[in-house]
Amino acid sequence: MERIDGKKISAQIKEEIAREIEQIKQQGGKTPHLVAVLVGDDPASETYVSHKEKACNKVGMESEVWRLNADISQEELLKKVDQLNQDPQVDGFIVQLPLPDHIDEQKIIEAIDPKKDVDGFHPINMGRMVIGLPAYLSATPAGILELLKRYEIETEGKNCVVLGRSNIVGKPIANLMLQKAYPGNTTVTVCHSRTQNLQAYTQQADILIVAMGKREFVTADMVKDNAVVIDVGIHRIPSDKTKSGWKLRGDVKFDEVSEKASFITPVPGGVGPMTIVSLLKNTIAASQNRIYGE
Ligand code: NAP
């Protein structure tokens, strides 16, 4: 079994990005500029946004966080989105989800200029991805593709089973694994909470991608020998053995599944660290007009 080291790969990619930004600057180009919009004070969102800001600083990118009150009206937020859409200094921006209940998330996502939608959540980017056109890919699925590539994992002709059909992970990764590309060219099955006899599907998977949000749900008996197992789940559980008082677990029972897998992502240190680098890569692409041209 080989453990897929997302922490190491993400560090390598950050170095590559830092070199690329340095080169852009040396050639007199504009420093890529990312803005994160944070509405309210949800602690998890605060943490994600501060990680993103730190990563931007580390690679030499310009970054800003727009902190807005939780009681901002939808109309006001739409105005802020428009302001960012119009600002030529801003290459890309994200509106950190979830948003407060009185705001229609989909309305906000659709108000973002697809050319600046570095989270890749706008229907135009999603649609372009599905038909195989250049698009901003959402961060977690893009991170998974990058791990498969860096570990040179063969995908063509394999059975890929995706557990979960969310708009941010399950649906996009299933579509990407279906593309006529590498990584891709797999035969994809997507399972969800209404799937009957889930195990019959998972046992057929050469590549099993798990994004269910169910702690340690996937056990060794559900997995084929030598399968590639990608665990997207993140669960924080109390622990008296760590300084922080908690530890992370995934959707896969790592200890037993790793005995059978050929490659497996651990939690933490697998898919998680790749998410931020995907966002950085999208922001550079935005600053260089790589997806939509001038
Ligand atoms: P989500 O929106 O809650 O979707 C979960 C999916 O799993 C749904 O499609 C659901 O089916 C399916 N599901 C739930 N229970 C099931 C069961 N017993 N059998 C079969 N399918 C089942 O989750 P998400 O946003 O995709 O996130 C999934 C996990 O990944 C979470 O733990 C989240 O924290 C983590 N995550 C990690 C990253 C990262 O960077 N590593 C990024 C995003 C998310 P239905 O559609 O039928 O309800």
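**The ligand and its setting**

Analyst: In this predicted model, the ligand is surrounded by 20 residues, of which Arg165, Ser166, His192, Ser193 and Thr275 are the closest. By class, this shell comprises eight nonpolar, 10 polar and two charged residues.

A polar side-chain atom of Ser193 is placed 2.5 Å from an oxygen atom of the ligand. Thr275 likewise contributes a polar side-chain atom, at 2.7 Å from a ligand oxygen. Ile234, by contrast, takes part through its backbone: a polar backbone atom of this residue is 3.2 Å from an oxygen atom of the ligand. The ligand taken alone would expose 920 Å², and the protein buries 71% of that area.

Turning to the fold, the model contains an open sheet of six strands, ordered E1-E11-E8-E7-E5-E6, with parallel pairing. Strand E1 (2–3) and strand E6 (187–191) are at the edges; each has a single partner strand, so one side of each lacks a neighbour in the sheet. The partner of E1 is strand E11 (residues 263–264), to which E1 is joined in parallel by two bridges. Within this pairing, Arg3 stands opposite Ile264 of E11.

The structure also holds 10 salt bridges. In one of them, the side chains of Glu20 and Arg290 meet with an N to O distance of 2.7 Å. Glu20 belongs to helix H1 (residues 6–26) and Arg290 to the segment after helix H10 (272–287), so this pair ties together parts lying 270 residues apart in sequence. Both residues are partly exposed, Glu20 with a relative accessible area of 25% and Arg290 with 46%.

A second salt bridge pairs Arg150 with Glu146, whose closest N and O atoms are 2.9 Å apart. Here both residues lie in helix H6 (residues 139–150), at a spacing of four residues, or about one turn of the helix. Arg150 is partly exposed at 29% relative accessibility, whereas Glu146, at 11%, counts as buried. These two residues also belong to a network of salt bridges that links Glu16, Glu146, Arg150 and Lys281.

A further salt bridge joins Asp206 and Lys224, with 2.7 Å between the closest N and O atoms. This pair links distant parts of the chain, 18 residues apart: Asp206 is in the loop between helix H8 (198–202) and strand E7 (207–210), and Lys224 is in the loop between E7 and strand E8 (228–231). Lys224 is partly exposed, at a relative accessible area of 31%.

Notes
Residues are numbered from 1 along each chain as its sequence is written. This is a predicted model: local features need pLDDT of at least 70, side-chain atom pairs count only at pLDDT 80 or more; totals for chains, interfaces and linings use all residues. Side-chain values use heavy atoms; hydrogens and water are left out. Two strands pair if DSSP finds at least two bridges between them. A residue is near a molecule or strand if one of its heavy atoms lies within 4 Å of it. A polar contact is a pair of N or O atoms within 3.5 Å; within protein, one must be able to donate a hydrogen and the other to accept it, and residues adjacent in sequence count only if both atoms are side-chain atoms. Accessible areas come from the Shrake-Rupley method with a 1.4 Å probe; for residues, only the protein chains shown count as cover. Ala, Val, Leu, Ile, Met, Phe, Trp, Tyr, Cys and Pro count as nonpolar, Asp, Glu, Lys and Arg as charged, and the others, Gly among them, as polar. A salt bridge is a side-chain nitrogen of Lys or Arg within 4 Å of a carboxyl oxygen of Asp or Glu. Buried means under 20% relative accessible area, exposed over 50%, partly exposed in between (1.4 Å probe, protein chains only).
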